[in-house]
Amino acid sequence: MRPILLQGHERSITQIKYNREGDLLFSVAKDTVANVWYSVNGERLGTYNGHTGAVWCVDCDWDTKNVLTGSADNSCRLWDCQTGKQLALLETNSAVRTCGFDFSGNIIMFSTDKQMGYQCFLNFFDLRDPQQIEDNQPYLSLPCADHKITSAVWGPLGEFVIAGHENGEFNQFSAKSGEILKKVKEHTKQINDLQTSVDLTMFISASKDNTAKLFDSSTMDHIKTFKTERPVNSAAISPIMDHVVMGGGQEAMEVTTTSTRIGKFEARFFHAAYEEEFGRVKGHFGPINCVAFHPDGKSYSSGGEDGYTRIHYFDPQYFDFELEA
């Protein structure tokens with residue numbers, strides 16, 4: 001089948017996210033707009049307008065009521081998913097790099113960049129308390145003085161947040177006390193992306209050191225490593241198969257010097273148990289910045305430096321495929 005091409009951004013895509021049911025796909029890019037699409041046919045449902053800088057991250061709560069976006073305009077915004085109305089504006093001192101709802105949808109976290117003399121903070125707000133939003137006062141704000149957070153996800157039960165840093169280490173921060181519960185360093189370079197499995201028991205990290213790694217969310221034990229020869233920008237875990245998909249390519253600024261053939265701009269599929277690559281999907285004209293599996297596992301999407309989001313449906317053979325051990 002031909003992929004569905006979503007053209008709604010003028011600049012490179014920074015993150016894509018499905019809602020829990022998978023009927024909607026959210027995409028954000030460096031062009032100030034957050035889009036929401038029907039994932040089944042690629043029709044654009046609407047946009048969330050208000051940001052004045054590149055939008056770095058997006059998340060949607062579990063019943064698809066609210067959408068959260070973080071941007072380089074030094075703000076994190078909460079939107080009504082259905083109407084596109086802005087519900088809250090949380091201003092920060094530097095760009096918001098990563099954001100997310102916990103499983104209940106009541107607590108949000110976002111991290112800010114270390115720039116312009118400000119250090120990186122991980123902030124927690126409880127949406128049930130309107131006072132926190134009005135006063136722009138998080139109930140917990142954790143400074144990360146050494147290395148800024150480049151990606152973060154909630155762990156199971158909303159008890160902690162797993163943050164990946166630019167030096168390649170992970171920290172597990174308690175969402176109640178703010179203390180660091182666990183610290184691991186498995187990567188040698190910056191972590192570009194973190195994504196969890198459907199049941200939140202595992203997470204996969206994508207790094208500039210040309211690998212993606214699979215970890216246990218609670219114990220932070222390193223389980224598997226998937227190696228490539230280029231930096232990995234994003235990686236996702238299939239909800240139904242023992243597969244992971246990875247997207248990457250070289251740094252965006254070096255792209256013009258190579259042809260698309262050598263650029264390695266394909267989405268690459270690895271078997272999660274055997275760590276072996278079994279397939280590639282071409283299509284993007286530049287590095288892939290983000291990948292996401294549909295919650296039913298029957299399709300996946302990728303967003304690229306070329307500003308396009310592509311939705312690929314798997315052929316029937318994909319589901320019968322077994323790697324010969």
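Two strands count as paired when DSSP finds at least two bridges between them. The close-up views below are taken from a predicted model.

**View 1. Strand 10 and strand 11 form an antiparallel pair.** Five bridges connect strand 10, residues 96–101, to strand 11. Cys-99 has Phe-110 of strand 11 as its bridge partner. The hairpin made by strand 10 and strand 11 has five residues between the strands, and Gly-105 in this hairpin adopts a positive phi near 80°.

**View 2. Strand 11 is buried on both faces.** On one side lie Ile-107, Met-109 and Ser-111, and on the other Ile-108, Phe-110 and Thr-112; all are buried. Because six of the six residues of strand 11 (residues 107–112) are buried, the strand is largely enclosed by the rest of the structure. Strand 11 also pairs with strand 12, residues 120–126, in the antiparallel sense over five bridges. Here Phe-110 stands opposite Asn-123 of strand 12.

View 3. Phe-160 is placed opposite Ser-174 in strand 16.

**View 4. Two of the spans listed as "repeat: WD" in UniProt are residues 48–89 and 184–225.** The entry is unreviewed, and its list for this feature also includes residues 6–47 and 281–311. Residues 48–89 are 0% helix and 55% strand, with end C-alpha atoms 13 Å apart. For residues 184–225 the end C-alpha atoms are 15 Å apart, and the span is 0% helix and 57% strand.

**View 5. The second largest pocket has a volume of about 260 Å³.** Its lining consists of 13 residues, and those closest to the centre are Phe-269, Val-281, Phe-314, Asp-315 and Tyr-318. Strand 25 (277–281) and strand 28 (309–313) each contribute at least two residues to the lining of this pocket. Strand 25 gives the largest share, four residues. By class, the lining of the second largest pocket comprises nine nonpolar, two polar and two charged residues.

**View 6. The largest cavity has a volume of about 80 Å³.** The structure contains two cavities of 30 Å³ or more. Eleven residues line the largest cavity, and Pro-231, Gly-247, Gly-248, Gly-249 and Arg-268 lie nearest its centre. Strand 23, residues 243–248, provides the largest share of this lining, three residues. The lining of the largest cavity divides into three nonpolar, four polar and four charged residues.

**View 7. The second largest cavity has a volume of about 30 Å³.** Among its lining residues are Phe-265, Ala-267, Val-281, Lys-282, His-284, Tyr-300, Arg-310 and His-312. Strand 27 (299–304) and strand 28 each supply at least two residues of the lining of this cavity. Five nonpolar, four polar and two charged residues make up the lining of the second largest cavity. Val-281 lines the second largest cavity and is also among the residues closest to the centre of the second largest pocket.

How values were computed:
Residues are numbered from 1 along each chain as its sequence is written. This is a predicted model: local features need pLDDT of at least 70, side-chain atom pairs count only at pLDDT 80 or more; totals for chains, interfaces and linings use all residues. Side-chain values use heavy atoms; hydrogens and water are left out. On a 1 Å grid over the protein atoms alone, a cavity is a set of points where a 1.4 Å probe fits but cannot get out, and a pocket is an open set with protein on both sides within 12 Å along at least five of seven lines; lining residues have an atom within 4 Å of a point. Grid points are joined across faces, edges and corners, and a volume is the space filled by probe spheres set on the points. Ala, Val, Leu, Ile, Met, Phe, Trp, Tyr, Cys and Pro count as nonpolar, Asp, Glu, Lys and Arg as charged, and the others, Gly among them, as polar. UniProt positions are given in the numbering used here, feature names are shortened, and annotations may be inferred rather than shown by experiment. Buried means under 20% relative accessible area, exposed over 50%, partly exposed in between (1.4 Å probe, protein chains only).
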